[in-house]
Structure formats: structure tokens, C-alpha cells
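Thanks for coming. Please have a look at the model on the screen before I start talking.

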Amino acid sequence: MILVGDDPASKVYVNNKKKACEYIGIKSFEYLLPAETSETELLELIDRLNSDPEVSGILCQLPLPGHIDETVVINAIAPSKDVDAFHPVNVGKIMTGDYDFVPCTPAGVMELIKESGVDVEGKECVVVGRSNIVGKPMAMLLLHKNGTVTICHSRTANLAEKTKNADVLVAAVGIPNFIKGDMIKPGAVVIDVGINRVAPKKLVGDVEFETAEKVAAAITPVPGGVGPMTIAMLMKNTVKAAVKQNECE
Ligand code: NDP
């Protein structure tokens with residue numbers, strides 16, 4: 001795990017991932033680098049970890065400080081150790097449906113849907129948000145399960161009309177309480193990916209829980225819903241990477 005700088009939210013995420021590793025018996029190495037670390041220094045570290053046989057998975061916590069190009073860093077991680085599934089090789093595999101690593105947050109959402117006994121096949125699935133990390137891969141995973149998928153974003157016209165049509169609604173916007181109960185179809189399954197800090201000790205999602213839970217058949221809470229699933233999926237990818245690398249030896 002590599003963390004550059006001292007963003008408090010990133011520190012919490014890295015710490016939670018470290019605890020999960022300890023819990024399931026994965027040995028983790030933490031590289032807490034100062035904010036002024038240069039791109040070259042970071043790339044040198046990634047290069048070392050790429051060829052270190054003791055390391056099965058590499059995670060570089062985003063966002064990175066402005067002077068470091070995130071794309072260059074993501075592209076530098078060996079695809080076989082890219083347990084976040086951000087490298088273009090892994091992104092491409094997600095498109096074709098032939099993937100080793102599933103991006104952790106969308107994978108966590110799919111696991112929640114599956115374990116709740118919901119079948120997305122033939123359902124109207126609406127994803128609000130089109131980021132490379134959440135929205136786009138989320139839409140692909142729903143599509144692979146035969147959902148009829150609509151992706152919404154900041155330029156979508158008549159958003160509420162789209163969300164109200166959703167049997168399965170995934171919110172990944174980054175705006176606190178953005179999706180209200182009156183934007184949700186009665187009986188829908190609502191997955192709230194958002195994590196928004198609205199006070200020093202208060203996190204809320206992108207869905208207004210109080211109004212949404214009255215309409216939805218099922219809804220995930222924030223905190224405690226998708227967040228822990230993301231970490232669980234990261235662990236799963238890491239174990240997969242370790243097994244695959246050892247098979248090759
Ligand atoms: P981004 O900021 O990268 O993307 C946000 C998306 O929301 C963009 O596609 C944007 O559209 C869209 N959007 C913004 N405003 C509107 C609007 N008014 N109407 C419709 N769409 C809008 O965020 P991420 O995808 O990285 O994260 C989304 C949320 O999920 C955040 O709260 C983040 O903290 C959380 N998150 C949670 C994780 C977890 O483990 N639970 C993991 C990762 C993220 P456009 O593209 O047009 O700008």
C-alpha cells in the first residue's frame with residue numbers, strides 16, 4: 001500500500017485496508033511517502049514492488065498530489081499486481097467480460113446485490129456517475145449480468161425521470177443526499193456508493209436515506225454498506241493475485 005501525502009480520508013482508508021489484511025492473514029507493507037515525493041521516486045518504488053516476489057498486489061491510494069500524474073502511476077503498476085483493477089489492461093478485460101480482477105467498489109456492489117437474492121437480469125439498472133473507478137465499471141458489471149443499463153452524469157437531462165425508472169439504482173455521485181425518495185421507483189433496490197463527510201464525525205451517502213428507505217425495497221446504509229464490501233473485494237483480488245503468481249512459478 002502506497003500513500004503519498006497526508007490526506008486524512010486516504011489515511012483512514014489505508015488503515016482500514018491494513019486492518020483487513022491483518023484480519024485475514026495477508027502480510028502488508030505500507031509506504032507512507034511525503035506529499036513532496038516526486039513522480040520519478042514513486043515510479044521507482046512501483047518498479048521495485050513490481051519485481052518483488054514477496055509482493056502479490058500493489059495499491060496506490062488515490063488521489064495523488066497534483067504534481068503526480070495519476071495515469072502514469074496507474075499504468076506503471078504491473079497488471080498482474082493491479083488489485084484495484086485500474087490499469088488499462090484490466091479495464092479492457094472488464095469491457096470484454098474476461099477479467100481476473102474486478103474493480104473493488106463495483107464488485108462489492110454486485111456481491112451485495114447477489115447476496116440479497118436480487119437478480120438483475122432484464123431489470124432496468126441506472127447508475128448515476130460515470131467515473132472510471134466506480135460508474136463505468138459498475139455499468140459493465142451490471143451489463144454482464146444482463147441488466148438493461150443506463151448511465152447518468154452531470155449533463156443528463158431529466159435525471160429524476162431516469163432514476164424513477166430504475167429497478168436497481170446505484171448512486172456514485174459524491175454529493176451528499178443527492179438522490180431523494182421522490183426520485184426512486186417504489187420497490188427499487190438502491191445501492192449508495194457515496195461517502196461524503198458533512199461534519200468531522202458524520203458521513204452520509206449520495207442518497208437521502210430517510211426519504212429513500214420509505215420507497216425502496218432494499219437500500220444500503222452509509223457508512224457500513226458498500227465501503228466494507230470494497231475492502232473485502234480488494235482482499236479477494238489480492239488472494240487471487242497471489243494464487244495466480246504462485247501458480248506461474
Ligand atoms: P467522481 O467525482 O469521480 O464522479 C462523480 C460522478 O458523478 C461523475 O460522473 C459526475 O458526472 C457525476 N455527477 C456529478 N454531479 C452530478 C449531477 N448533478 N447529476 C448527475 N451526475 C452527477 O466520483 P467517484 O465516482 O470517484 O465517487 C463517487 C462517490 O463514491 C464519492 O462520494 C466517493 O467518495 C464514493 N466512493 C466510495 C467508495 C466506497 O468504497 N464506498 C469507493 C470510491 C468512491 P460528470 O462525469 O458529468 O462530471
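I will go through the nonpolar cores and then the salt bridges.

First, the ground rules. This is a predicted model, in which local features need pLDDT of at least 70 and side-chain atom pairs count only at pLDDT 80 or more, while totals for chains, interfaces and linings use all residues. Residues are numbered from 1 along each chain as its sequence is written, and side-chain values use heavy atoms, with hydrogens and water left out.

Now the cores. By nonpolar core I mean a set of buried Ala, Val, Leu, Ile, Met, Phe, Trp, Tyr and Cys residues joined through side-chain atoms within 4.5 Å. Buried is under 20% relative accessible area, exposed is over 50%, and partly exposed is in between, with a 1.4 Å probe and protein chains only.

Which residues touch the most other members of the largest nonpolar core? They are Val 109, Leu 142 and Val 170, out of 39 residues. Two or more residues each come from α1 (8–24), α5 (104–115), β3 (124–128), α6 (135–144), β5 (168–171), β6 (189–192) and α9 (226–248). Of these, α9 gives the most, 7 residues. Helices here are DSSP runs of H or I with at least four residues, strands are runs of E with at least two, and both are numbered from the N terminus.

Leaving aside residues up to four places away in sequence, Val 109 touches Met 138, Val 170, Ile 191, Val 193 and Val 226; contact means heavy atoms within 4.5 Å. Another core, of 16 residues, lies apart from the largest one, and Val 4, Leu 42, Leu 49 and Val 55 are among its members.

Next, charges. The structure has 7 salt bridges, each a side-chain nitrogen of Lys or Arg within 4 Å of a carboxyl oxygen of Asp or Glu.

Take Glu 30 and Lys 18, which pair at 3.2 Å, N to O. Glu 30 is in the loop between α1 and β2 (31–33) and Lys 18 is in helix α1, so this bridge ties together parts 12 residues apart in sequence. Glu 30 is partly exposed at 31% relative accessibility, and Lys 18 is partly exposed at 25%.

Glu 111 and Lys 114 also form a bridge, at 3.8 Å, N to O. Both sit in helix α5, 3 residues apart, which means about one helical turn between them. Lys 114 is exposed, at 53%.

Lys 185 and Asp 167 meet at 2.7 Å, N to O. That pair links distant parts of the chain, 18 residues apart: Lys 185 is in the loop between β5 and β6, and Asp 167 in the loop between α7 (159–163) and β5.

Finally, a network of salt bridges links Lys 93, Asp 100 and Lys 244.
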